[in-house]
Amino acid sequence: TTHHLNITITGKVQGVYFRASTKQKADALDVKGFVCNQPDGSVYIEAEAAPEVLEKFLTWCHQGPERAQVINVETTSAALQNFDGFEVRR
């Protein structure tokens with residue numbers, strides 16, 4: 001079964017290659033969806049995959065790329081969007 005998560009990550013997460021790193025990780029795990037920066041300085045992700053895959057993805061989200069400092073990761077479940085791939089959005 002595929003699940004859909006909306007993920008908001010706060011901390012020092014912009015200007016540290018967070019979006020590009022998120023795409024690399026998502027592609028490696030075969031997670032579908034998108035990532036974008038928010039005006040408030042957070043990063044927003046919508047991710048779709050099997051629950052065990054999303055768990056691995058979320059573990060990564062709590063770390064982020066090398067220069068990131070993740071303070072909080074907030075997740076909510078939502079309806080499936082059936083994304084084709086994973087993209088970085090502006």
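## Aromatic rings and an exposed loop residue

Phe57 is buried, at 0% relative accessibility (buried means under 20% relative accessible area, exposed over 50% and partly exposed in between, with a 1.4 Å probe and protein chains only). Welcome to a predicted model, where local features need pLDDT of at least 70, side-chain atom pairs count only at pLDDT 80 or more, and totals for chains, interfaces and linings use all residues. Residues are numbered from 1 along each chain as its sequence is written, and side-chain values use heavy atoms, with hydrogens and water left out.

**Aromatic pairs**

- The count comes to four aromatic pairs (rings of Phe, Tyr and Trp, the latter by its six-membered ring, pair if their centres lie within 6.5 Å; planes under 30 degrees apart are stacked, over 60 edge-to-face and the rest tilted).
- Phe57 and Phe86 make an edge-to-face pair, with 6.3 Å centre to centre and 70° between the planes.
- Phe57 lies in helix 2 and Phe86 in strand 5 (residues 86–89), so their pair ties together parts that are 29 residues apart in sequence (helices, H or I of at least four residues, and strands, E of at least two, are DSSP runs numbered from the N terminus).
- Phe86 is buried too, with a relative accessible area of 6%.

**A cluster and a charge**

- Phe34, Tyr44 and Phe83 form one aromatic cluster.
- Arg89 lies over the face of Phe34, at 3.7 Å from the ring centre (a charge sits over a ring if NZ of Lys or CZ of Arg is within 6 Å of the ring centre and within 35 degrees of the ring normal).

**The loop residue**

- Glu66 lies in the loop between helix 2 (51–63) and strand 4 (69–77).
- Glu66 is exposed, with a relative accessible area of 82%.
- The C-alpha atoms of Glu66 and Ser21 are separated by 9.5 Å, and these residues are 45 residues apart along the chain.
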